[in-house]
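Here are a few exercises to work through with the model open in your viewer. Try each task before you read its solution.

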Amino acid sequence: MKNTLNTNLLQYYIYNGYNIITQSKVIMLSCAARGDITGMSFLLHRNIYSLSQHDDDSHDVCTVAGAAGQLDALMWLVEVAKFPWHPRDVFREASENVAGEEVMNYVERVAGDSFCGGQPYGVGMP
């Protein structure tokens with residue numbers, strides 16, 4: 001069973017006046033790390049997490065998904081939700097993850113000419 005956001009509980013908190021907006025980034029990053037597309041979609045469609053509210057650091061969500069090896073989540077964020085992302089950061093973080101090969105291939109394929117992968121972070125350092 002996949003660990004997903006408990007949207008019923010979240011709705012309960014919102015209904016009872018809990019200001020969930022203050023925790024929206026933490027919740028979104030947590031969903032990205034788990035690959036929880038349903039949870040991320042819920043947060044976006046309910047305006048709990050807003051790209052305009054987090055415009056300076058929303059690319060972190062893609063980086064976290066890539067670092068965790070969550071290819072489906074990364075693809076959804078980039079292609080469907082149109083999240084801004086930094087391909088080099090995603091590639092670097094994925095290169096440090098055992099399950100990051102698919103993510104690295106995706107970054108190279110999607111970013112194309114705007115990205116030059118190069119060596120993984122730390123390679124060649126003394």
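**Exercise 1.** Work out whether Phe83 is buried or exposed.

Solution. Phe83 has a relative accessible area of 3%. Buried means under 20% relative accessible area, exposed over 50%, and partly exposed in between (1.4 Å probe, protein chains only). So Phe83 is buried.

A quick note on ground rules: this is a predicted model, where local features need pLDDT of at least 70, side-chain atom pairs count only at pLDDT 80 or more, and totals for chains, interfaces and linings use all residues. Residues are numbered from 1 along each chain as its sequence is written, and side-chain values use heavy atoms, leaving out hydrogens and water.

**Exercise 2.** Classify the aromatic pair of Tyr13 and Tyr18.

Solution. Start with the total: there are four aromatic pairs in the structure. The ring centres of Tyr13 and Tyr18 sit 5.8 Å apart with planes at 50°, so this pair is tilted. The cut-offs: rings of Phe, Tyr and Trp (its six-membered ring) pair if their centres lie within 6.5 Å, with planes under 30 degrees apart counting as stacked, over 60 as edge-to-face and the rest as tilted. Next, accessibility: Tyr13 is partly exposed at 39%, and Tyr18 is partly exposed at 44%. Finally, Tyr12, Tyr13 and Tyr18 make up one aromatic cluster.

**Exercise 3.** Do likewise for Tyr49 and Phe83.

Solution. As for burial, Tyr49 counts as buried at 1% relative accessibility.
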